[in-house]
Amino acid sequence: MRKGTWPAFTARPYVCGALGPFTADRIAALRAAGPATQAVYETPDAVLYGSAPLEPYAPGAFAWGERRPVVGDDRPPSWLRVAEEHETPGLIDGPEQVVLHAGAFGLVDVYYLEAGGAVYFAGLIEPLLALARRPYQVNWDAWAAILKLTYPLLEDTPYREVRRLPGATALTWSRARRRITVDRRAPRWVREEPVDRGVTAREMVALLHEALKPYEDRPVLVPVSGGYDSRLLASVAVARRMDVESWTTSPDDGLDNDIDFARYITRELGIPHRVIPQDPAAYPDEALWTARRLEYLTSHHAWYAPFARQVHAAGRPIVDGLAGGPLMKNFLISSAAVGAESAAARREALLRSLANGEAHLPVLSERAAAWIDERVREAFGRATSMLRGHRAELPLSVLHTRTARGIARSPVNLVGPEVTPIFPFLHPEFFDAALSVPVTRKEGGRFYREILQAANPRVAALPSTNVPLLPNRRVPLRSGGPAAREWSHRMLRRVAAIEGLLSEEMLRVVADGPDALTAFRSWNSRFWLRGLVLFGAWLADYEDLLGDLTPPWA
């Protein structure tokens, strides 16, 4: 992280390396630019370095996610099987080829850069920039998606030369042909379309028990908010008599219903509960820490920074409800998408749900908005192309884009790698069962309420942020306070210098100073503002290394 510090790779190691005709000087530069590493595996065609020792699970086969294959498995190593069963990236050196692969969803990042016919890879973007040509070229497609969706798509990172290996994808170095090819596969849940098998709510709860069983001898942290996901996981963990603590923090949504509702839930479950406070004056430092830690890939999660740092200190594995919304309550799947009469209409309706809505004023210039809309629509179409016509197209489209590229950054890259994140909803049996339930049964949260009732009727009856209600109390937005406005305005001034990006109305907001940002109160306006501020922070951090900043629409 430029001008920052490396994460402490405690639960998950940092790795870097190369495959193909790599050179010693480039490998040395890559290692010097990132966290300290030691040799794990070295051959003429592949090298792997890690921040901690990595034991091969088969000869020449390594994985480095939180869940890894069992050492001594007699089955020959298959990169797709490892990616699907363990959601881990890895490297497999076989007799004929060397394979570098991502996990099936790509939750643990693998970034790479091609040079001299070789591929150099790392778990972070920043070390690979040591091998990139200077000045760095801006990847405007990545920033279009970050502004419009809050996260990039496909292989995009903010830099043209550094790419991200998508989920269920491998780079293969052929010894015979002496070249690298891309091998993209359909993961199991795409190949094997789910059929409605009449799964009951009680069966879903039983599958969650199985998902948490491997962790029942470890103390865990189950963050509880006011929503469905966390109360369900907390209820199952308590029913299993696990050693559970629960923490809650403000999502900075102006309501803080989460804190009030979490108290009711944890009191009913009888588990220790702690509220992690947030200091409005610290927002600029925490937002910048989050941006750098996530390498400017998403405008989400600034509110999570103080919580994540406390989790690091506690050291307990954290039980996270990743994917619960799309799997069980049609989160971000509109009725228009469910009822669409064509594939194109379905995809367009889903993209509208995922994209930022209209702010209270035009934020982008007409030319910039048109270019961004077109590029994001094209990228989203390619990112979800393998799902067209699939019975679970809608939830899988959300999971493979927003969940994997945006929301997962919080447990994977802010909590992890210091602490292990646990994702019960991604447990294969639970995941398959949830996908088999038709989206029509999930509309309005009906199916999810059945599951909650089966898990713990008393907890299910408590107030929830997933149910429309009048706010208990309003609290000031930390991201809208004086310190935040001052910092955000400084970042916006940098963005305003990009030719033709902002509308005339938005340029006047910037000219009017920090207090003009108090008008950005609505949900949509706040998301646009956060994306622009993230862009400005990136420009500030890399201003001496970036090349031509003339955008494609200018």
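I take buried to mean under 20% relative accessible area, exposed over 50%, and partly exposed in between, with a 1.4 Å probe and protein chains only. By that rule I find Thr 169 buried, with a relative accessible area of 2%.

The model is predicted, and I keep to pLDDT of at least 70 for local features and 80 or more for side-chain atom pairs, while totals for chains, interfaces and linings use all residues. I number residues from 1 along each chain as its sequence is written, and side-chain values use heavy atoms, with hydrogens and water left out.

I placed Thr 169 in strand β10 (residues 169–174), strands being DSSP runs of E with at least two residues, and helices runs of H or I with at least four, numbered from the N terminus. The side chain of Thr 169 reaches the backbone oxygen of Gly 167 at 3.1 Å, and a polar atom of that side chain lies 3.3 Å from the backbone oxygen of Pro 166.

I then looked up Ser 246, which sits in strand β13 (residues 244–249) and is buried at a relative accessible area of 0%. Its side chain reaches the backbone oxygen of Val 222 at 3.0 Å.

How values were computed
A polar contact is a pair of N or O atoms within 3.5 Å; within protein, one must be able to donate a hydrogen and the other to accept it, and residues adjacent in sequence count only if both atoms are side-chain atoms.
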